[in-house]
Structures are given as C-alpha cells and as structure tokens.
Amino acid sequence: MRKFLWPTMVCLMLAFSCTGKKTSSDVDVPVDTAADSSGIVIVDTLEQLITETPMPRAADAYFDDFIFNFAANKRLQFERIVFPLRVRDADGKTTQIEKSQWQMEHLFMRQGYYTLLFTDDAQMSHMKDTAITEAVVEKIALKKKKVKSYYFHRVRGAWMMHEIRETSMEENANASFLEFYKRFTTDSVFQVESINETVQFVGPDPDNEFSMMEGVITPDTWEAFAPQLPGKILYNIVYGKPKAENDNKIFLLRGVANGLELELRFKRVGGRWLLTKMTT
C-alpha cells in the first residue's frame with residue numbers, strides 16, 4: 001500500500017501523544033470548538049517540521065502530499081500560487097489579489113482534521129491516482145450555507161493554486177447531502193430517524209488491539225456508538241472533476257496529527273439519506 005509522505009512526520013508525534021486505543025463507544029471526533037492546548041502544540045510542531053523539511057519533488061505526484069506542505073509551509077505556499085490570484089465572489093464579481101496582499105492560508109491545519117465526500121469507491125480511489133491534474137479544496141460553512149473553493153492545477157508536474165471561488169452551498173455538487181448533514185449533526189431526533197434499520201459497524205477490537213471487530217448497530221443502540229461530528233465548518237477535497245450527486249455518499253473524516261479516521265456510508269432511499277455503515 002502506498003504511504004503518503006506527510007504521515008511520516010505525523011507518526012513521529014504520535015509516539016508522544018498516543019494514549020491507547022478507544023473502544024467502539026469512545027470514538028472521539030473533533031468538534032467545532034477550540035482545540036485543547038496539547039492538540040495545538042502537536043499541529044504547530046507538525047507545521048514546523050513540514051516547514052523545515054524541503055518538500056520532496058515526489059510529493060507533487062499526489063495532491064494529498066502536496067496540500068499538507070502547501071498549508072504548512074509559507075514559503076512554498078507563496079511559490080505555488082499564480083499571482084495575481086483571481087477571486088470570484090458569490091455574486092460573480094471578480095477581483096485579484098497581488099502577492100504583496102496575500103496572507104498565509106492554513107486551510108484545515110488549524111482545525112486539526114479534514115473531511116472527504118465521495119459518491120463511490122471508484123471516486124475514492126482518485127486519492128491515489130497520479131494521473132489527477134486538478135483538485136479543489138472546499139471550505140464549507142454549514143450554517144452560512146457558503147462554500148469557498150480553492151482551485152489547483154498541476155502545471156509541468158507542479159501543483160499550483162490559480163483561483164478562489166465563493167458560492168452558495170446550494171450550487172455545490174454535494175448540496176443535497178450537505179443540507180442533510182447539517183441537520184444530522186444538530187438534531188438528535190433526526191439523527192436517530194436517519195439511521196438504517198441495521199447499520200454495519202467495523203471498528204477496533206477492545207480486547208485485541210491488532211484486530212478489528214464487526215457488528216450491527218440499530219437505531220435503539222445508536223446513542224452508544226454515535227460519534228461527535230463537526231457541525232459548522234467542513235474542509236472537503238475534490239480530486240479531479242466533481243461528479244454529480246447520486247444516491248450514495250461516503251463521508252470520510254481524517255485527523256491531521258492524531259491518526260483519527262472515521263468513515264460513514266449513507267444511502268438515499270425514497271428521498272431520505274440513511275446511514276448504512278460506520279467504520280472507525
């Protein structure tokens with residue numbers, strides 16, 4: 001299996017921050033509150049390590065490798081933006097940002113996690129596709145129903161950011177799911193109503209840290225397994241051209257410096273999104 005370059009640095013810090021495996025009911029997903037001091041120190045240290053280590057040329061092969069360097073390394077970020085940078089607001093008005101006006105954009109690094117939305121496993125495989133030459137990082141403000149998109153192209157082998165666009169959430173390729181997700185994270189009754197009759201569960205075995213366990217979650221037992229989910233700001237990465245929304249959605253949440261990974265799979269049935277599988 002291919003390993004990203006950036007997790008090598010993350011692993012160094014995990015040696016100092018790990019406190020043991022959680023049980024299935026202890027899934028701890030970051031929420032939209034200020035991170036604790038230890039989390040801030042870990043992310044700051046990660047950014048310092050990335051900044052002090054020149055980005056290998058091979059990091060441009062995969063967007064994931066590049067974007068972590070871009071979000072943490074100020075000098076690299078200035079080198080990888082096409083100035084003057086074109087910015088289009090929600091009303092369609094276009095302005096330009098000169099290099100002297102640009103301020104460091106940390107994207108999801110300060111948040112400590114990022115999310116990915118896919119229509120299927122084939123689309124999810126694009127994360128490891130070296131043929132991908134365009135990508136978009138979306139900052140989704142759920143309450144405001146606004147999306148700020150950062151557009152990247154790989155030019156002569158190097159990823160470059162060339163435009164920022166601001167749009168309404170209704171215009172997004174994941175509009176229906178995002179509207180559902182916003183309520184799913186804030187309305188506990190609606191959340192239970194959005195659980196399939198049986199939800200397949202896969203997670204670490206509390207009795208054996210080297211193995212996984214499988215089971216079934218039902219609506220009446222959901223409270224014991226329900227993870228905390230971010231409900232204000234999501235950062236999504238679109239690899240290649242976005243696909244039109246269909247009746248399946250894979251929601252993947254990954255921690256920046258804590259090894260966290262949570263996968264939720266939803267299916268739209270009769271116009272309603274239902275959770276069908278959770279993997280931790």
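1. In this predicted model, arginine 254 is buried, with a relative accessible area of 15%, whereas glutamate 261, at 39%, is partly exposed. The side chains of arginine 254 and glutamate 261 meet in a salt bridge, with N and O 3.0 Å apart, and salt bridges with shared partners bring Asp64, Arg254 and Glu261 together in one network.

2. The search of the whole structure finds 13 salt bridges, and one of them joins arginine 86 to glutamate 163, where the closest N and O atoms are 3.1 Å apart. Because arginine 86 belongs to strand E1 (residues 81-88) and glutamate 163 to strand E6, this pair ties together parts that lie 77 residues apart in sequence. Arginine 86 is partly exposed at 36% relative accessibility, while glutamate 163, at 4%, counts as buried.

3. Arginine 183 and aspartate 187 also meet through their side chains in a salt bridge, at 3.5 Å from N to O; here arginine 183 is partly exposed, with a relative accessible area of 43%, and aspartate 187 is partly exposed at 25%.

4. Turning to the strands, E4 (residues 134-141) pairs with E5 (residues 146-155) in the antiparallel sense over eight bridges, and the two form a hairpin with four residues between them, in whose turn lysine 145 has a positive phi of about 60°.

5. Strand E5 also pairs in the antiparallel sense with E6 (residues 158-168), over 10 bridges, and this hairpin has two residues between its strands, with arginine 156 in the turn at a positive phi of about 50°. Phenylalanine 152 of E5 is the bridge partner of alanine 135, and phenylalanine 152 stands opposite methionine 161 in E6.

Methods
Residues numbered from 1 in each chain as written. Predicted model: local features only at pLDDT ≥ 70, side-chain atom pairs only at ≥ 80, totals over all residues. Heavy atoms only, no water. Pairing = 2+ DSSP bridges. Salt bridge = Lys/Arg side-chain N within 4 Å of Asp/Glu carboxyl O. Buried < 20%, exposed > 50% of the residue type's maximum accessible area, 1.4 Å probe, protein only.
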